[in-house]
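Here's a quick briefing to read alongside the model.

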Amino acid sequence: MFKNPHLLSKMLLIAVLAMISHLAFSQTWTDVTTAYLENPDFSNGSTNGWAVTVTDYQNCGYQGATYSNNGSTISGFLEVWTPSPNVLGAGDVRTSVTLPKGSYRLEVDAIATRQSSYGNSAAQASNVYLFAKTASGRQFSKEIKTNDNAPQHFTIDFSTDSYGGVNMGMLLQQGHNAN
């Protein structure tokens with residue numbers, strides 16, 4: 001969910017890898033999801049509007065499964081996956097939007113994990129980030145990690161200096177261990 005307290009007519013909800021908002025906030029925010037984002041929640045059963053630069057995957061595309069964990073639920077999402085003991089290649093899953101100058105909040109429910117292989121227990125991923133990068137080059141990010149099949153809620157706040165493009169999504173940096 002993107003939130004902009006200064007532009008009360010603008011707030012953007014985004015679903016990246018099943019990113020769905022569920023929180024109530026003390027500030028007044030206005031949802032601008034449909035005004036700025038194509039296919040924010042993958043409800044049309046496709047990944048239209050999203051780009052994937054991650055490599056070395058076995059599956060990449062729309063996933064209709066549902067996972068829940070302590071109030072966070074993902075259902076119908078973009079999945080990039082490879083079986084253990086393999087690791088995905090570095091890259092990102094992102095959408096690009098043009099936003100007015102302002103402050104925003106990206107809220108997501110996501111799974112970022114290192115699944116188990118051959119009976120070993122799963123581990124949380126490392127070097128996986130929720131990110132927003134503005135046209136001026138400002139990057140905002142937060143490392144995210146979860147247990148296997150257990151989505152969690154994550155947020156980052158970011159701002160734009162002027163009207164312009166923003167890339168946002170999940171980034172798998174070199175050296176990550178997610179699959």
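Predicted model: local features only at pLDDT ≥ 70, side-chain atom pairs only at ≥ 80, totals over all residues.

Arg94 sits at 21% relative accessibility, so it counts as partly exposed, given that buried means under 20%. Its salt-bridge partner is Asp92, with 2.6 Å from N to O.

**Salt bridges**
- The structure holds 4 salt bridges, and the Arg94–Asp92 pair is one of them.
- Side chains of opposite charge can pair when their charged atoms come close.
- Arg138 pairs up with Asp161, and the closest N and O atoms are 2.7 Å apart.
- That pair ties together distant parts of the chain, 23 residues apart: Arg138 is in the loop between strand 8 and strand 9 (139–143), while Asp161 is in the loop between strand 10 and strand 11.
- Both ends are partly exposed, with Arg138 at 30% relative accessible area and Asp161 at 45%.
- Glu143 and Lys145 make another salt bridge, where the closest N and O atoms are 3.9 Å apart; the cut-off is 4 Å, so this pair still counts.
- Glu143 is partly exposed at 33% relative accessible area, and Lys145 is partly exposed at 30%.

**The nonpolar core**
- Nonpolar side chains tend to be buried together in soluble globular proteins.
- Here the largest nonpolar core has 29 residues.
- Which residues have the most contacts inside it? They are Leu106, Val128, Leu130, Ile144, Phe158 and Val166.
- Strands 3 (72–81), 4 (91–99), 5 (102–110), 8 (128–134), 10 (152–160) and 11 (164–172) are the elements that each give two or more residues to this core.
- If you skip neighbours within four places in sequence, Val128 is in contact with a list of residues that includes Ile144, Met170, Leu171 and Leu172.
- Val128 also touches Glu143, the residue that forms a salt bridge with Lys145.

**Overall fold and surface**
- Of the chain's 179 residues, 46% count as buried.
- Take the contacts between residues at least 6 apart in sequence: 70% of them join residues at least 24 apart.
- The chain exposes about 8,200 Å², and carbon and sulfur atoms supply 44% of that area.

Technical notes. Residues numbered from 1 in each chain as written. Heavy atoms only, no water. Core = buried A, V, L, I, M, F, W, Y, C linked by side-chain atoms within 4.5 Å. Buried < 20%, exposed > 50% of the residue type's maximum accessible area, 1.4 Å probe, protein only. Helix = DSSP H or I, 4+ residues; strand = E, 2+ residues; numbered from the N terminus. Contact = heavy atoms within 4.5 Å. Areas by Shrake-Rupley, 256 points an atom, 1.4 Å probe, with all protein chains shown as cover. Salt bridge = Lys/Arg side-chain N within 4 Å of Asp/Glu carboxyl O.
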